[in-house]
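Dear colleague,

Please read the notes with the coordinates open beside them.

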There are 2 protein chains.
Amino acid sequence: MSQSAQQSVGVVETQRMRFEAPLRLSSGAELAGYELVYETYGELNADRSNAVLVCHALNASHHVAGVRADDPKDVGWWDNMVGPGKPLDTDRFFVIGVNNLGSCFGSTGPMSINPATGRRYGPDFPVVTVEDWVHAQARLADGLGIERFAAVMGGSLGGMQAMAWSCLYPQRVAHCLVIASTPKLSAQNIAFNEVARRAIITDPEFHGGRFYDHGVVPRRGLQVARMIGHITYLSDDAMAERFGRALKHADYGFSFDVEFEIESYLRYQGEKFSDYFDANTYLLITRALDYFDPALAHGGDLAAALAPASAEFFVASFSTDWRFSPQRSREIVAALLQNGRDVSYAEVEAPHGHDAFLLTDPQYHSLVRAYYDRIARQLDLGGRR
Amino acid sequence: MSQSAQQSVGVVETQRMRFEAPLRLSSGAELAGYELVYETYGELNADRSNAVLVCHALNASHHVAGVRADDPKDVGWWDNMVGPGKPLDTDRFFVIGVNNLGSCFGSTGPMSINPATGRRYGPDFPVVTVEDWVHAQARLADGLGIERFAAVMGGSLGGMQAMAWSCLYPQRVAHCLVIASTPKLSAQNIAFNEVARRAIITDPEFHGGRFYDHGVVPRRGLQVARMIGHITYLSDDAMAERFGRALKHADYGFSFDVEFEIESYLRYQGEKFSDYFDANTYLLITRALDYFDPALAHGGDLAAALAPASAEFFVASFSTDWRFSPQRSREIVAALLQNGRDVSYAEVEAPHGHDAFLLTDPQYHSLVRAYYDRIARQLDLGGRR
């Protein structure tokens, strides 16, 4: 196992692929052609066997690793995981990050021009599901000439996509890495999403999703949505450890201005988010989260839902994750074992809550590294080092 | 122990007491006279020894038990706890419910006319603390001729008031019942409050707290605030049990309208709340929650903070309460024991989360009943039955 110097993948270019054939969606609607933006890291080997697809979560993008040419400070969201010598080692694997349909980072979404009307889709962009994303990504894989992925990997909502890949395209997924995810949202998960959506939709500057036409952004709604999200990403303990009841000033100010560090942090996160994230995208992606429930069509039987999968699985959860707790990952593991699948399961002791899947935790990273070493041995990729 | 037929206290009248002397507040500000509305149930005995003060939480009021003459459907918020034959038995005890300063149910608050300006206080109403409430309530006790309470009792924020009573007026509190409470909010608790406040303050119809002058109400902000609150009042399990992923319609509608029962429930709760609750009050009361931290003035030493208390204590928590978890109650108990206080502590197995303190749980109610039986024996009140 190589623990050699880890490097960044360096400057990366955004790539773009257009698909002209209409995409039939879970809702029954049809998307008449679409584009996906993506990035790649490492090199596809001669027999095209070393490709890994990384699926993103709610507010992330195709920019998984490295920096953008036009903004050297914009480091990819999983740069600690993906790169030369990193757990997902781009010296051995050809890694693809793709921005999902409906997102706001370059792939076709609510901000795109609707060819049918000549104006932005806005609220007319169809509601998409995790399964829709997977079908859209499969065409990207076709376009790249990748018949079968060495692995499909994702955390949180990204883990749902990896699971869906393993069921919808079992022959195209050798390994499936599902991290800090869940087979379906709980009522509480849906509740938080709904409050965030209400904050956006009831913002007068949302204009029914047509805020682009009014030259405004429903910033207040986005800020509240992001603040709520952030609370669910951090563990109670992590918040206590990082912020506790620390005050911004020496004493109480007896006002509703910022008093506590945690307030300052959340406001900052909310404001930053409202600068770059699209409100319609937030609605779409939280809805995709709500809807994901592969067992629904099988009378609630998750094992039956996952029966088509033939991949080997790596499932990981984090002890203090209360958004998608270890119990939710164990449900996935139990269903896979019931189907006789090969499953590696790690429950990582980490204080950071759901956010842990994005952080550099030595135990977590060494487990992922070891799993990719195993994949590399299986695929005889070792020679690339 | 009487388990005889439980009855309602019946129709109750709102009473009102005015205090002309200015009230000095924790902030240093002074409130020039104020009114408190209150209700009483049962009869004060000849030696005035059977009075129990019930303190309310965030959105409740002085209307603890019975029904209002003008609205027979408006049942008090703790009617299952307070009444003839109920755990806090009004055949033996004289119970007082009081609406806190700054609240919106009749006591002086942001909706009241500021005598200095002739217009509603709105944002000029001073920020009040739990300790301020207790001092204001003490004047009510004076006015009612109650030198010493048989008990001061409250759940959640009400429990904070009970704790503060025991420290600020130790000679006036024989027993202190602190239920589902905490010695201080965690960073996560503050975070949820802050998101709720941002939702209200950034609602364009808040108008800096002067929405009364504009004939509007920041309903959207209040709705989001209430929805967030509700999520924290229910346990994940209770939500799963009660709503799960149940759909409003036969199948997914692929929209942002109500799809899941939990969405419908939260929207309904939010709308109902925005019909009757004052936005400025919501800010004030959440801030009082944030600020409560008796140990702060004692270098974080809770035992030192509670040292003045001479009451006997009943502390109760609920196993699935994640807003104020049992661990928070245990901190209170540990500090009291360190001071050599007499403490009864109950950790009630209940599935309902924080809301459990308001619900009819047989174990919980029988513990409270037994504790009041003990108080009645101590005070020789048994003869009233």
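Over all chains, a search of the whole structure, which is a predicted model, finds 48 salt bridges. One of them joins the side chains of A:Arg119 and A:Asp213, with 2.6 Å from N to O. A:Arg119 lies in the loop between β11 (94-98) and α1 (130-144) of chain A, while A:Asp213 sits in helix α4 (residues 211-214) of chain A, so the pair ties together parts that are 94 residues apart in sequence.

The domains of chain A

Chain A is divided by the domain assignment into domain 1, which covers 15-184 + 296-379, and domain 2, which covers 189-286. Taken over C-alpha atoms, the centres of domain 1 of chain A and domain 2 of chain A are separated by 26 Å. In the contact between them, 30 residues of domain 1 of chain A meet 26 residues of domain 2 of chain A. The area buried between domain 1 of chain A and domain 2 of chain A comes to about 2,400 Å², and carbon and sulfur atoms give 60% of it. Of the area that domain 1 of chain A buries against domain 2 of chain A, 27% is supplied by A:Leu58, A:Trp322 and A:Arg323, which is more than any other three residues supply.

As for polar interactions, two salt bridges are counted between domain 1 of chain A and domain 2 of chain A, and nine residue pairs are found in polar contact across that interface, with both residues at pLDDT 80 or more. Sorted by class, the side of domain 1 of chain A that touches domain 2 of chain A consists of 16 nonpolar, eight polar and six charged residues.

The interface of the two chains

How is chain B superposed on chain A? A rotation of 180°, with 0.0 Å of shift along its axis, brings chain B onto chain A with an RMSD of 0.0 Å. The two copies are thus related as by a two-fold rotation axis. Both copies use the same surface, in that 100% of the contact residues of chain B recur in chain A.

The contact draws 54 residues from chain B and 54 residues from chain A. Between them, chain B and chain A bury about 4,700 Å², and 69% of this lies on carbon and sulfur atoms. B:Arg245, B:Phe254 and B:Phe256 supply 17% of the area that chain B buries against chain A, more than any other three residues.

Eight salt bridges are found across the interface of chain B and chain A. In a salt bridge between the chains, the side chains of B:Arg287 and A:Glu263 meet at 2.8 Å, N to O. The same interface of chain B and chain A holds 26 residue pairs in polar contact, both residues being at pLDDT 80 or more. On the side of chain B that touches chain A, the elements that give two or more residues are α3 (187-201), α4 (219-233), α5 (236-242), α6 (261-276) and α7 (279-291) of chain B. The most comes from α3(B), with 11 residues on the side of chain B that touches chain A. By class, that side of chain B has 31 nonpolar, nine polar and 14 charged residues.

With best regards

Methods:
Residues are numbered from 1 along each chain as its sequence is written. Chains are lettered from A and ligands numbered from 1 in the order in which they are written. This is a predicted model: local features need pLDDT of at least 70, side-chain atom pairs count only at pLDDT 80 or more; totals for chains, interfaces and linings use all residues. Side-chain values use heavy atoms; hydrogens and water are left out. Domain bounds come from an automatic or database domain assignment. Contact means heavy atoms within 4.5 Å. Buried area is the accessible area (1.4 Å probe) that two parts lose on being put together, summed over both. A salt bridge is a side-chain nitrogen of Lys or Arg within 4 Å of a carboxyl oxygen of Asp or Glu. A polar contact is a pair of N or O atoms within 3.5 Å; within protein, one must be able to donate a hydrogen and the other to accept it, and residues adjacent in sequence count only if both atoms are side-chain atoms. Ala, Val, Leu, Ile, Met, Phe, Trp, Tyr, Cys and Pro count as nonpolar, Asp, Glu, Lys and Arg as charged, and the others, Gly among them, as polar. Copies are superposed by least squares on the C-alpha atoms of residues with pLDDT of at least 70 in both. Helices (H or I, at least four residues) and strands (E, at least two) are DSSP runs, numbered from the N terminus.
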